[in-house]
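Here's a quick look at a two-chain model, starting with where the chains meet.

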Amino acid sequence: MFSGLMVNAWEAATIVAAVAGLVGFFTVMRGSAFAAHALPNGAFAGAAGAAVLGVSTLLGVAVFALAGALGIAALGRRARRDVATALAVVAMLALGALFLSLGGAYAPEVYSLLFGQVLGVSGSQLLPTAGLAAVCATGLAVLYRPLLLSSVGPEMAEARGIRPAAIETAFLLLLALATTMAVPVVGALLIFTLLVSPAAAARCLTARPGRAVLLSVALALATVWAAIALSYWTGYPVGFFVGAGGAAVYALSRLAGRLLPGRAG
Amino acid sequence: MSFFASGPVHTALIVGALVAVVSGPVGVFTVIRGQSFAGHALADTGTTGGSGAFLVNVNPLYGFVALNLIAAAVMEALGVRRARGRDVATGIVLGAALGLSALFLDLETRSSTTGATITVLFGSIFTLDPGTVPFVAVTAGVAVAVMAVLYRPLLLSSVSPELAAARGLPAGVVSAGYLLALALAVSLSAVTIGAILSTALLVGPAATALRLTRRPGAAVLAAAGIGTAATWAGVALSYESYYWPPYQQGWPVSFFVVFVVLAAYLAATAATAGRKGRR
């Protein structure tokens, strides 16, 4: 279980889960689960486009993730955020449908980009993943305070001169970075689940931001490690175990949050 | 063969119009209530039911409807009243459903090589069986009837929850009824035209219509009209693209419909940019 290609899988999944736990905290605080779904899912179209043009998957995903983030931000200035996100994701996926029909990717490749095939990570994919993870974590560290402030108290943040549109765009760009880091190695489903479930579970257990961030990272790591091990033993897809595991972690935390004293779930 | 004489084109035009007409009223409320994520999530969740149905060899439509009703019920049960809690509840349900989808599709590809992943996600309006038209029409009729019954209470609770509560309107029942109509409308459209197009037709025409008019009744009609026009334009363009490079295969309908819908939305946004108070 810890030999050869599997080592790459463990390393890639660990990097992705750690960053997803961090970014996920803000995703849940800001109510941005739709964007966390839309960017990875839509960026899959970039991979399909890259296959048509014969360029690297990473480049295609990066271009689509960034364009998607800026598109949501631009549309969101004059519309409800969820409408802007929906329109952006269908635009990206429609392009994906076009690329697929023009004869780029084939079915197993589509499956692994959407649902994840973490067991097939190659050594050369690890370096860009680690690099993007470092950039994403640094960006998050720099933006930690303004992001937190604008997520908890938008009015107070504005009074201190933090522009809501600018911080929202910055957050979407961080999501786009996390997407670019994750989609080529673990697929869209994995990163989406890891962005939402662990952080939502952490928020059920503690109200303190610092603790919630750490807990979110810990739960993300636990979910993905358990999923890889189960996938390895049973032979069923890792995406299934991450999806089901994420929901289970959330359900248990919600239950525990209700039972714990002094914390309204 | 000419455009209107083609059987698949006939079926595509009829089903496309039915889906657009159902998506009009449901979509307007989806946009007003800020439930676009739920609509999109149900379309994706439906693919889980669809792939499960593939696996056990029953009509995918039953899988879509069954799973969507379950998903809508769980979202309603998990979701708290605040928009943020709803967003997370939708995300958790979607993640779990997509996990199941991954399992079903994986099992499916082990037993055959039909490329179920792509069929289920992207659907194709040109490969519809004409025999499903009556069923689609009946489901569409049920969804429109539910919306007609719910129309006034739903409007009140969407526009002014406080006033609705003051009049003793049961918010839970109204919200559950709306999710039921949404689940029906979305399964219908996702199974016929694919999950992507389903979201595009649900949100795009409704958001465009709400830019053009603030009167909900007019918006419902306009959304149905815009959706139908976009679908028909998409079908016609896709038919035409058979003669574009790469020759002899055609570009996907979903691509054209989405871009007609987006163009309409951006045009409506630009046209009303000068006016005040529009959302």
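## Where the chains meet

In this predicted model, 43 residues of chain A are in contact with 44 residues of chain B; contact here means C-beta atoms, placed from the backbone, within 7 Å. On the chain A side, the elements giving two or more residues are α2 (33-53), α4 (81-101), α5 (107-115), α9 (188-205) and α11 (238-259). α4(A) gives the most, with 14 residues.

## Chain B on its own

Chain B has 11 helices and 0 strands, so the pattern along the sequence reads α-α-α-α-α-α-α-α-α-α-α. Those labels are DSSP runs numbered from the N terminus: helices are H or I with at least four residues, strands E with at least two.

Of the 279 residues in chain B, 54% are buried (20 or more other C-beta atoms within 10 Å of a residue's own, with C-beta atoms placed from the backbone). Take the chain B contacts between residues at least 6 apart in sequence: 74% of them join residues at least 24 apart.

The complex gets an ipTM of 0.88 and a pTM of 0.89 from the predictor. Chain B averages a pLDDT of 82, and 86% of the residues score at least 70; pLDDT is the predictor's per-residue confidence, from 0 to 100.

## Bookkeeping

Residues count from 1 along each chain as its sequence is written, while chains are lettered from A and ligands numbered from 1 in the order written. Local features need pLDDT of at least 70 and side-chain atom pairs count only at pLDDT 80 or more, but totals for chains, interfaces and linings use all residues.

Definitions and conventions:
Buried ≥ 20, exposed ≤ 12 C-beta atoms within 10 Å, placed from the backbone. Contact = placed C-beta atoms within 7 Å.
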